[in-house]
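Biologist: I would like to go through this structure with you. Could we start with the chain overall and then turn to individual residues?

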Amino acid sequence: YDVFRKKISFVIIYSFNKGLRIIPVQDDKIYLKKGIFVKLQFNASDILTDRNGNIFLAGYNGLIYSLKYFKTTNDASSIKTSIKQLSKQSFFAPVLNLFGYNEQNKPLSSIVKFFYDEENNILASLHLNSEIRFYEYQ
């Protein structure tokens, strides 16, 4: 994603209480003031990216999300973001989550670490309760 400038080498992403920042970096300069602030409805426990610029977020709520960022105009302040939940849940799952349970009537388990196999488009998450889950990303 060539959102910031053509010469950006990579980004630094860090999270905090229900939010995260994406900071563009050149080989010799960090653009702190040009960073994007993204408000989240959850707290991120882990963040990873792939070689295509996709950003994946794992939540303490046990769910996985993708974050996309894009320009709406040529103005630098016009960068927008969208977050999509990748973990599948039924219609009633958000109500169960409010009470701290998943659809199998088990307590929600935070994601400790997750990984992305880019060749097979598979995300794997390791949860606090030692459970491993796999998700196909398209």
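Biologist: What does the accessible surface of the chain come to, and what share belongs to carbon and sulfur atoms?
Modeller: Please note that this is a predicted model. The accessible surface of the chain is about 9000 Å², and carbon and sulfur atoms hold 53% of that.

Biologist: How many residues does the chain have, and what percentage count as buried?
Modeller: The chain has 138 residues, of which 38% count as buried.

Biologist: Changing topic, where is Ser110 found?
Modeller: Ser110 lies in the loop that runs between α1 (93–98) and β8 (111–117).

Biologist: Is Ser110 buried or exposed, and why?
Modeller: Ser110 counts as buried because its relative accessibility is 17%, and buried means under 20%.

Biologist: What does the side chain of Ser110 reach?
Modeller: It reaches the backbone oxygen of Tyr60, at 2.9 Å.

Biologist: Which residues is Ser110 in contact with, leaving aside neighbours within four places in sequence?
Modeller: Ser110 is then in contact with Gly59, Tyr60 and Gly62, as well as with Leu126, His127 and Leu128.

Biologist: And Ile36, what is its place?
Modeller: Ile36 belongs to strand β3, which covers residues 36–39. Ile36 counts as buried, at 8% relative accessibility.

Biologist: What separates the C-alpha atoms of Ile36 and Leu20?
Modeller: The separation is 8.2 Å, with the two residues 16 residues apart along the chain.

Key:
Residues are numbered from 1 along each chain as its sequence is written. This is a predicted model: local features need pLDDT of at least 70, side-chain atom pairs count only at pLDDT 80 or more; totals for chains, interfaces and linings use all residues. Side-chain values use heavy atoms; hydrogens and water are left out. Helices (H or I, at least four residues) and strands (E, at least two) are DSSP runs, numbered from the N terminus. Buried means under 20% relative accessible area, exposed over 50%, partly exposed in between (1.4 Å probe, protein chains only). Accessible areas come from the Shrake-Rupley method with a 1.4 Å probe; for residues, only the protein chains shown count as cover. A polar contact is a pair of N or O atoms within 3.5 Å; within protein, one must be able to donate a hydrogen and the other to accept it, and residues adjacent in sequence count only if both atoms are side-chain atoms. Contact means heavy atoms within 4.5 Å.
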